[in-house]
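Reader: I am new to this structure. Please take me through its strands, and how they pair, one step at a time.

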Amino acid sequence: MQDSPKNIDQLKSEGDLNISPQRSAWAKEHLDDETRRWLEEDARYFLHQSLSTPCLNVLKGSRGAEIEDLHGRRLLDFHGNNVHQVGYGHPRVIEAITAQMKELPFSPRRYTNIPAINLARRLAELAPGDLNRVLFAPGGTTAIGMALKLARAATGRFKMISTWDSFHGASLDAISVGGEAIFRSGIGPLLPGCEHVPPPDNRHCPFKCGKACNLQCADYIEYVLEKEGDVAAVIAETVRCTPFIPPLDYWKKIRSACDKHGTLLILDEVPICLGRTGKMFACEHYGIVPDMLVIGKGLGGGIFPFAALIARDTLNVMADKALGHYTHEKNPVASAAALATLDVIEREKLLDHVQSLSAYALERLRQIMQKHRLIGDVRGIGLLMGVELVRNRDTMERATDEAEQVMYGALSNGLNFKLTMGNIITLTPALTITRTEMDRALGILENCIASVSQAMF
């Protein structure tokens, strides 16, 4: 058995570990015998892995902004693995999938189909700048792999620069450019040429930025590009899901540095694409166009695993090699789901809705922060929001135990969310959520924070 990281901080990641005593106590109190039997069956037949074992509960339904367990207990889902941009089971998506399954359920390789072509055209039209070449993949990780291969082929170089603490997927190539110890530790030799630099996170920045990022992290990337001289690509999340939102000038500096040194820029927007940030693509907030944009998760309408690599036309350079070549590369049913998802975003004006509801929710979260010292920071962009819990606002010491208390209290009262980095409550609801549902969720959250905060202070 491989050794686990000795420093517990190494285990902190964008996902919660599910192995704490508080998890066991919550399960003992809230799960009945039938649910326990199914969870035992799950544990019996699935390979165990961190971040998803043991499972929290057993679901039987999901609709709109909610999930439902075996006994009809419903929770507003502010987690959703970021697949539920248009909510769960949207009628338009279900209708499109059902119709497509009856007509053309699968398209073998060497053939194409109209839904896939229409989706590629639609994404090329929506994507910023000259991003007009598309390739589909069964999931975000595989799309990231395609982007790395294309960068190598297009530049004749193999080195990549990415950031520590980043997440780009769980395959060997993706964890090589990723920066989380829980995926990388003890695995053995990773891909060569993967250099890591500090992320634009002023909270834990080695450049000692203080309260505001001074862009030394961006300057350092340019320094590495100049010193290495032969880097194929910089790959990073446009906005990290912790969440951390880089300053407006950050990506402009990186774009300029990449242009100067002949390096491609790959932006990973797998979890935050299609309106999560209030724009169709997060890079639109920064006024830059990457050389490649990787999207996924919500692209499948909350039903299908589906992702896409969107690249500049000048990168169409691998016609004589296999870039993706996946069995479900042009899946017509997944394409129909994605087209319906884009229709919902447009017809229901979800981008406007996200911007309006985000402003409201963030303001209310800041008001809650003023009342409770347990909250050290509130930040967000669109409906990607984070509430950082701390034991001391001056030192910003992580309140990890307290964060778990809040999480399990919320679960007991009808709200599901993810803890990230051990102490950050990450809130990512369906983009279709109503203000009434948002009020209910924030009310549950405030009550749980108040209860834990009063006991602490």
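Author: What follows is a close look at the strands, and then at the chain around them.

This is a predicted model. The chain has 13 helices and 15 strands.

Begin with the open sheet. Seven strands make it up, in the order β4-β10-β9-β8-β7-β5-β6. Their pairing is mixed. Strand β4 (131-137) sits at one edge and β6 (194-197) at the other, so named because each pairs on one side only. From one strand to the next, the twist averages 20°.

Now look inside this sheet. Strand β8 covers residues 264-268, and strand β9 covers residues 292-295. The two run parallel and are joined by three bridges.

Strand β1 spans residues 59-63, and strand β2 spans residues 66-69. They pair in the antiparallel sense, over four bridges. Ser 62 has Ile 67 of β2 as its bridge partner. Two residues lie between β1 and β2, which form a hairpin. In that turn, Gly 64 has a positive phi of about 65°.

Strand β2 also pairs with strand β3 (residues 74-78). This pairing is antiparallel too, with three bridges. Here Ile 67 has Leu 75 in β3 as its bridge partner. Follow Ile 67, then: it is the bridge partner of Ser 62 and also of Leu 75. The hairpin of β2 and β3 has four residues between its strands. Gly 72 in this hairpin takes a positive phi, near 80°.

In general, strands of a sheet pair through backbone hydrogen bonds, either parallel or antiparallel. Side chains in a regular strand alternate between the two faces of the sheet.

Last, step back to the whole chain. Its C-alpha atoms fill a box of roughly 60 × 55 × 50 Å along the principal axes. A compact globule of 457 residues would have a radius of gyration near 23 Å; the chain has 22 Å, so the two agree. Buried residues make up 54% of the 457. Take the contacts between residues at least 6 apart in sequence: 70% of them join residues at least 24 apart. The accessible surface comes to about 20,400 Å², and carbon and sulfur atoms account for 51% of that.

Definitions and conventions: Residues are numbered from 1 along each chain as its sequence is written. Side-chain values use heavy atoms; hydrogens and water are left out. Axes are lines fitted to C-alpha atoms, for helices over the stretch in contact, and angles run from 0 to 180 degrees between N-to-C directions. The radius of gyration is taken over C-alpha atoms; the globule rule is 2.2 Å times the number of residues to the power 0.38. Buried means under 20% relative accessible area, exposed over 50%, partly exposed in between (1.4 Å probe, protein chains only). Contact means heavy atoms within 4.5 Å. Accessible areas come from the Shrake-Rupley method with a 1.4 Å probe; for residues, only the protein chains shown count as cover.
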